[in-house]
Structures are given as structure tokens and as C-alpha cells.
Amino acid sequence: MYYGIISISALLFSLVFVFSDKYRSKYGSGTDAVLKFTAGSHFAGFAALLIINKFHFEITVFSAVAAAVAAFDVILFNLFSLRALGKTNLSKYSVFSMIGGMALPFTAGIIFFNEELTPGKIICLVLVAVSLAFTIEKGENKGGAFYYIGVFITNGLYGVINKFFSAAHFGKTSEAGFSVLIEGITVVMCLILLIFAKDRIGIVKGKGLLYMGGYGAMCAVGNLFLLIALRGLPASAQYPFVTGGVMIISTVYSFFTQNKPGRKEIISVALSMLGILALVLL
């Protein structure tokens with residue numbers, strides 16, 4: 001059941017990169033643009049999760065503090081993401097985002113949460129990392145390294161925060177309640193920070209709102225499913241599975257577009273599939 005839940009997450013995450021890239025192309029990656037994108041997308045996520053949670057709002061001191069840390073990480077991730085997409089190509093950005101989202105929770109699960117290090121986990125991590133390397137394309141402006149390293153760290157930290165919340169024994173909300181808190185606090189933080197932003201882009205409207213809404217709703221629901229799956233799956237198994245799943249779904253989807261996958265993409269998917277099989281069977 002839990003692998004089914006995170007497979008749905010992988011499906012949602014395979015689409016979100018497109019929304020953020022299209023928004024950046026239209027509005028740029030200045031501080032005002034980033035904060036408005038983050039506020040708008042997480043307001044959409046907040047609304048979607050409230051509906052899923054049947055408009056039931058939960059809060060505890062521990063959950064609020066953990067959600068505030070996660071919200072700050074989210075803002076930094078979006079800042080690094082939109083700046084990185086202005087410096088480097090989408091493929092390299094995706095690689096650093098997904099490897100960070102896989103490697104840091106995997107490492108934290110083994111070192112800090114006493115998760116078992118199995119041959120299947122090791123094989124999956126290695127194969128998925130190699131498969132991601134096959135997707136890197138040429139095309140990068142000088143100065144991009146700082147931003148996609150920031151993407152690597154902040155995306156990975158979000159998974160670590162989720163694992164910490166799931167494993168903690170303090171008084172806490174449900175997974176859905178925690179996710180609602182993250183979305184709401186992120187919006188509030190962005191609105192406060194917008195007061196100090198100087199490079200104004202004006203009102204976001206039309207397609208910009210669609211990019212925000214699509215990104216926010218898919219990320220919020222996808223992250224909620226990952227949080228729920230931590231009840232039954234260790235982080236060291238879950239995040240490599242999700243990363244490999246995103247690779248597979250993205251490539252399968254590309255068969256139905258004008259940009260058909262090439263030999264490297266097919267090899268990448270084959271390696272991801274082998275990694276996932278190793279994770280499930282070994």
C-alpha cells in the first residue's frame with residue numbers, strides 16, 4: 001500500500017518542474033517574483049490540503065515549530081530553484097534537486113534514525129544516481145553552481161524534516177494537519193518578506209496563477225503522501241523509490257510528446273527500474 005502511495009507522489013512530482021520553469025520564464029527569478037510564486041503556490045497547497053483534511057485544523061507547539069522550519073526551507077528551495085533555472089538547464093536542475101531529495105533523507109535515515117542498511121537500498125541508491133547522471137545536458141551559464149547546490153541541500157532537508165516529524169514522540173498533529181501548517185506558515189512568511197522586496201514584478205495573473213496553482217497543489221499532495229508513507233516505509237527506502245519513479249514517469253510521458261526520449265533517457269529509465277526492483281525485492 002505504501003509503495004502505491006509514493007508512486008502517486010512520484011507521478012505528481014514528475015510534473016512540477018515544468019510549472020516552476022514556465023513561471024520563471026514569464027516573471028524572472030527576482031526576490032519579489034520568487035516570494036509571490038512561493039506564496040501563491042503554497043496558498044493553493046493550503047487550500048487543497050484543507051479540503052483533503054475536511055477543513056479540520058490542528059496545531060501543537062512541536063508541530064508549529066517543525067512546520068516553521070520546513071516553511072523556511074521551502075522558501076529557500078524556491079529561491080534557489082528559480083535562480084538555478086535562470087543559470088542552468090532544466091535537466092541539470094532536476095538532477096541536483098532529485099539527488100538531494102534522495103541522498104540526504106537516505107543518509108539521515110541510516111545515521112540518525114537507525115534504519116537498516118540493506119543491499120537493496122544500496123543498489124537502488126547507486127543505480128538511481130547513475131541513471132540521473134545520464135540525463136545531464138550541456139548548457140549552463142557561469143555562476144549556476146551555487147544555486148543548484150542550494151537546491152540539492154534544501155530539497156534534501158525537507159525530506160529530513162519530514163522524517164524527524166514522523167519519528168518524533170512529542171505531542172504532534174496528524175500528517176495532514178502538519179502539512180496544512182507548513183503551507184499556511186509558508187504563505188505568512190512570504191507575505192511578511194514581500195514588504196522588503198524591491199524588484200517588483202506587479203500583479204501575477206492569467207497563466208502565472210495557473211503555474212502557481214498547479215505547482216502548489218501537486219507538491220502539497222505529493223508531500224502529504226510521502227509523509228503518510230513514512231508510517232510504514234523507512235526514509236532510506238522511500239526517497240530512492242520516489243526519485244526513480246519520477247525518472248520513469250517523466251520518460252514514459254515524453255513518448256507522447258514531440259520530444260521523444262533518446263538512448264540516454266531510455267538507459268536512465270532502465271537503470272531506475274532495476275534500482276526500484278532491487279529496493280523492493282532485496
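Is Phe55 buried or exposed? Phe55 is exposed, its relative accessible area being 62%. Here buried stands for under 20% relative accessible area, exposed for over 50%, and partly exposed for values in between (1.4 Å probe, protein chains only).

## Basis of the report

This is a predicted model, in which local features need pLDDT of at least 70 and side-chain atom pairs count only at pLDDT 80 or more, while totals for chains, interfaces and linings use all residues. Residues are numbered from 1 along each chain as its sequence is written, and side-chain values use heavy atoms, with hydrogens and water left out.

## The loop between H2 and H3

Phe55 belongs to the loop between H2 and H3. Helices are DSSP runs (H or I, at least four residues), numbered from the N terminus. Lys54 is placed in this loop between helix H2 (31–52) and helix H3 (61–87), and with 73% relative accessibility Lys54 is exposed.

Most residues other than glycine have a negative phi. Lys54, which is not a glycine, has a positive phi near 55°. Phe55 likewise shows a positive phi, of about 55°, without being a glycine.

## Salt bridges

Side chains of opposite charge can pair when their charged atoms come close. A salt bridge is counted when a side-chain nitrogen of Lys or Arg lies within 4 Å of a carboxyl oxygen of Asp or Glu. By this rule the model has four salt bridges. One of them joins Lys36 to Asp32, with 3.0 Å between the closest N and O atoms. About one helical turn separates Lys36 from Asp32, because the two are four residues apart in helix H2. Asp32 is buried, at 0% relative accessible area.

Another salt bridge pairs Glu115 with Lys163, and their closest N and O atoms are 3.0 Å apart. This pair connects distant parts of the chain, 48 residues apart: Glu115 is in the loop between helix H4 (90–112) and H5, and Lys163 is in helix H6. Glu115 has a relative accessible area of 10% and is therefore buried. A further salt bridge forms between the side chains of Glu175 and Arg231 (2.7 Å, N to O). Here too distant parts of the chain are linked, with Glu175 in helix H7 and Arg231 in the loop between helix H8 (207–229) and helix H9 (235–254), 56 residues apart. Glu175 is buried, with 15% relative accessible area, whereas Arg231 is exposed, with 54%. Salt bridges with shared partners bring Asp32, Lys36 and Arg200 together in one network.

Lys163, a partner in one of the salt bridges, is part of helix H6 (residues 144–167). Its relative accessible area is 11%, so Lys163 is buried. With neighbours within four places in sequence set aside, Lys163 contacts Phe113, Glu115, Leu230 and Ala235. Contact means heavy atoms within 4.5 Å.

Cys190 is located in helix H7 (residues 175–194), and its relative accessibility of 0% makes this residue buried. When residues up to four places away in sequence are not counted, Cys190 touches Leu35, Thr38, Ala39 and Ile75. Cys190 and Leu76 are 114 residues apart along the chain, and 11 Å separates their C-alpha atoms.

## Surface patches

Patches consist of residues with over 30% relative accessible area and no salt bridge, with like charges joined within 9 Å and nonpolar side chains (Val, Leu, Ile, Met, Phe, Trp, Tyr) joined within 5 Å. Accessible areas come from the Shrake-Rupley method with a 1.4 Å probe, and for residues only the protein chains shown count as cover. Leu117, Ile122, Val126, Val130, Phe134 and Ile267 make a nonpolar surface patch of about 450 Å². Helix H5 (residues 119–133) contributes the most to this nonpolar patch, namely three residues. Val126 is in helix H5 and is partly exposed, at 45% relative accessible area.

Lys22, Lys26, Lys205 and Lys207 form a positive surface patch. Lys and Arg count as positive and Asp and Glu as negative, while His and the chain ends are not counted. The place of a charge is taken as NZ of Lys, CZ of Arg, CG of Asp or CD of Glu. Lys22 lies in helix H1 (residues 2–27); with a relative accessible area of 43%, Lys22 is partly exposed.
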